[in-house]
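This briefing goes through selected strands, helices and backbone angles, grouped by topic. Please keep the structure open while reading.

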Amino acid sequence: MTTTLKPVDAVLVGFGWTGAIMGQQLCDAGLEVVALERGPWRDTATDFATGFAQDELRYMWRHHLFQNVSDDTLTIRNNVNQEALPMRHLGSFLLGTGVGSGGVHWNGQIWRFLPTDFLTKSHNQQRYGKKAVSDYDLTVQDWGITYDELEPFYDQFDKVCGTSGKAGNLRGKIQSGGNPFEGPRSNEYPTPPMLQTYGPTLFGKAAAELGRHPFPHPTGNLSEAYVNPLGAQLGACTYCGFCEKFGCGNYSKASPQTTILPYLMRKSNFTLKTECEVLRVELTPDRKRATGVTYVNSAGEEFFQPAEMVILSAYILQNVRLLLLSGIGKPYDPKTGEGVVGKNYAYQTMSSVNVFFEDKIINPFIGAGALATVIDDFNGDNFDHAGLGFIGGAYIAGMVTGGRPIEMIYTPQGTPAWGLEWKHAAAKNYLRSFSLSIHGSCMSARGNYLDLDPTYRDIHGRPMLRMTFDFTGNDHKMSDYLTDRAAEVARAMNPREIKLNRRTGPWSVVPYQTTHNTGGAIMGDNPRNSVVNRYLQTWDVPNVFSMGAGAFPQNAGYNPTATLAALAYMSADAIKSQYLKAPGPLVRG
Amino acid sequence: MSKKPGLDRRHFLLGGVAAGVTGAAAAAAAVHDGELGAPPQTFRGSVPWQEGTADAPPEASGSGYLFFTPEEAAFIEAAVARLIPNDEVGPGAVEANVPFFLDRQLAGPFGRGDHYYLGGPWPKGTPEQGYQSRYSPAQLYRAAVVAIDTYVRANLGAAAFAKLAVADQDKALKGLESGTITLEGGVDSKSFFAMLLQNTKEGYFSDPIYGGNKDMAAWKMIGFPGAHYDYKEWVSRHGERVPYPPVGFKGRPGWRKA
């Protein structure tokens, strides 16, 4: 039996970054808002206090803060000719769950995409010709918004997080010490950059000698104490080296818990319900309007929550799945190229270079999730791609996020994975090595998509999401080129030796890469090429909004959080200034 | 949590619903352990917080094996001694108490596969599709030890893996690692080897409260100071050795009586 609850103005499905942002924005506009989160409540003092937060086994390897896949996972395959099988254990990406979700265990790497990243198709086609954007069956698109339109909302997110960094482009004027390739910023970062440890410092020196443009990684691991516009207080990072994959016990990493929840949870028009999983969005018989959502709680009780607006603010894989399960938008068909829901799923193309010194003590355990010196010379279209055979790029970071010994011991080329030789290499190199991270774009392609699995079902009997994905030739070429550029910097550091970990072979679900899944509910300028408009409003059902990186038509060479947060603020702004006055489509399709 | 948590908290302090406090704390601990099925809760008007519910880590306790049979223990002790052998550079896996760690892990939620999806059907996948077994980790260990000892008897002329000379043990482990040895009993040799090696390194390098990394000797060997919380004063001291000896959640020898 389904119990029908009292109607509300807006229901949030999922309560991570975008749920917290939309909750705060809509509650401040006076709306009655209910958030439904399928995981538990989490707070710093209870769940990752400094007395026990630095626990590699429990958090990283036993998935303490991650989605438990035992009763709901997704199925995976590299191409349509394979049978998709369940991802039985987390690996390639570490999905979040619970209040704050991935915003609790992220690195805090806060990047803006480049102005040209929003024009992936038109810009590259204009500069390099039609083949550049159609080879390898690429299906890249423009976003339907520009960097300049999104900039105020990037700025808003920076102020909420207290982002630490150095501007490279202030209102069009290039600033020394920052990233000269970035789009113009309206303001300097709220707090100064973090101090750099030895490894990133050596990287920056070598990169500068090669004529590159090193700068400190912009970060939500705060360099100093900060009070944000919502009155939330963050402390200075202690460089404990247990950041990404962990919760911060020190209130130093920007997260929903440290930046928004202390404010939002006190609002009288906000309600949070945990252990409540939304099964589907309910539509009117003509399918033009959502009436609310049906959810089931961990006691097995089913409810209908009527709402004037439904905000899908879960992770992209859940948002896309809910769109498919609810019949919102036409599912994508890779054979015909028709349909939009599930189209242009993309990822992040990662590789690395390990650097080993004979005598330099790097102390890798002194780290933070975004502690790095970076070069952006080979990202996006910051360099001439003529004759290279690919579009896109990567940032290259001399990064030390920590020295957690189960995960982060680097051994030289040819070292076996076990035995005395491995042990001796670990003992010799642990303090004297670190890694350069090559964080590459991933261009969407015709055969990469999300749909519903025909065989596997979750504990509620719903089809699991099916992911069909492999890196394209474009991404392999990009990654090889970028890995060579990183190796140049590595060699310029005069190490004893280096080891190149190239991106080879098909995508595998086993080794950890990044939790930067994108696409499937992409944004665009018309309903034939996209699921949502520039305000993340679904074209087909105007009172349903789909948040998150699902809106990215392809993935740029940066971490996605700041961009998806900025899109959420832009959506909230349009809802407040236009939609609430006249509910309906915000853009004519 | 009710609609007026402030009021409820006062009741707790007055002892009015003391039984409720215990119940809530127990429920909270279950959720925080990354397990499913905590009771649904509604929060409104305040930031929920309750004293006495901190999610302390689940410490391994007792002595002797709870999970391993004597045959399994013989295999595990022999195998992990080859994966991480002992010498003057640092402890071996046996010296670091890794078999005890593995036993407690396999006897608990990890062994039960509490974070594995184990539903069917179970066709064999591609290497890229990762773990594709119906077995939980505990079941896989059980089946694998029997299958490996069966293989050793049939092909290597010893009664069990543990009875092989160490050079032959290494050869057998390499065969499992590469998948050139195929096993009976539905055990994928590569999957099992990958899990055993990963779990062995976990026991070697995790906090001693989980039963391995005895005396933090593995941390000492590489120079990892352990669960330190604050390195601010060391960030700019490039190239210097941090002199702190390792520390775990329960401190270090010298802080208290062993």
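Which residue in E20(A) is the bridge partner of A:Leu74? The bridge partner is A:Leu465. The model is a predicted one.

- The open sheet has four strands of chain A in the order E5-E4-E20-E19, and its pairing is mixed.
- Its edge strands are E5 (85-86) and E19 of chain A, each of which pairs on one side only.
- Strand E4 (residues 74-77) of chain A runs parallel to E20(A), and four bridges join the two.
- Strand E19 (residues 449-457) of chain A pairs with E20(A) in the antiparallel sense, over five bridges.
- Strand E20 of chain A covers residues 463-468, and five of its six residues are buried, so the strand is largely enclosed by the rest of the structure.

**Where chain A meets chain B**

- On the two sides of the contact, 78 residues of chain A touch 73 residues of chain B.
- Several elements of chain A give two or more residues to this side, including helix H3 (56-61), helix H8 (198-209), strand E11 (270-274) and helix H12 (420-429).
- H12(A) gives the most, with five residues.
- By class, the side of chain A that touches chain B has 38 nonpolar, 26 polar and 14 charged residues.
- Strand pairing also crosses between the chains: E11(A) and strand E1 (residues 41-44) of chain B pair in the antiparallel sense over four bridges.
- One of the residue pairs here is A:Thr274 with its bridge partner B:Gln41 in E1(B).

**Strand E17 of chain A**

- Is strand E17 (residues 394-399) of chain A largely enclosed or exposed, and why? Six of its six residues are buried, so E17(A) is largely enclosed by the rest of the structure.
- In a regular strand, side chains alternate between the two faces of the sheet.
- Both faces of E17(A) are covered, with A:Ala394, A:Ile396 and A:Gly398 buried on one side and A:Tyr395, A:Ala397 and A:Met399 buried on the other.
- Strand E16 (residues 372-375) of chain A pairs with E17(A) in the antiparallel sense over four bridges.
- Strand E18 (residues 433-440) of chain A also runs antiparallel to E17(A), and six bridges join them.
- A:Ala397 takes part in both pairings: A:Val374 stands opposite A:Ala397, and A:Ser437 is the bridge partner of A:Ala397 in E18(A).

**Helix H7 of chain B**

- Helix H7 of chain B has 13 residues (166-178), which at 1.5 Å a residue should span 18 Å; its end C-alpha atoms are 18 Å apart, which agrees.
- The buried residues in H7(B) are B:Gln169, B:Ala172, B:Leu173 and B:Leu176.
- Seen down the axis of H7(B), these buried residues fall within an arc of 100 degrees, so they line one face of the helix.
- An α-helix has 3.6 residues a turn, so residues three or four places apart point the same way.
- The cover over the buried residues of H7(B) includes helix H3 (70-83), helix H6 (137-155) and helix H8 (189-205) of chain B.
- On the face turned away from the buried side, H7(B) carries the exposed residues B:Ala167 and B:Ser178.
- Just after H7(B), B:Gly179 has a positive phi of about 85 degrees.

**Backbone angles in loops**

- Most residues other than glycine have a negative phi, and most peptide bonds are trans.
- A:His63 has a positive phi, near 60 degrees, and lies in the loop between H3 and E4 of chain A.
- A:His63 is buried, with 23 other C-beta atoms within 10 Å.
- B:Met216 is not a glycine, yet its phi is positive at about 55 degrees.
- B:Met216 lies in the loop between H8 and helix H9 (217-222) of chain B, and is buried, with 22 other C-beta atoms within 10 Å.
- The peptide bond from B:Gly120 to B:Pro121 is cis, with omega near -5 degrees.
- B:Pro121 is in the loop between helix H5 (109-112) and H6 of chain B.

Technical notes
Residues are numbered from 1 along each chain as its sequence is written. Chains are lettered from A and ligands numbered from 1 in the order in which they are written. This is a predicted model: local features need pLDDT of at least 70, side-chain atom pairs count only at pLDDT 80 or more; totals for chains, interfaces and linings use all residues. A residue is buried if 20 or more other C-beta atoms lie within 10 Å of its own, exposed if 12 or fewer, and partly exposed in between; C-beta atoms are placed from the backbone. Two strands pair if DSSP finds at least two bridges between them. Two residues are in contact if their C-beta atoms, placed from the backbone, lie within 7 Å. Ala, Val, Leu, Ile, Met, Phe, Trp, Tyr, Cys and Pro count as nonpolar, Asp, Glu, Lys and Arg as charged, and the others, Gly among them, as polar. The expected span of a helix is 1.5 Å times one less than its number of residues. The arc is that of the directions from the helix axis to the C-beta atoms.
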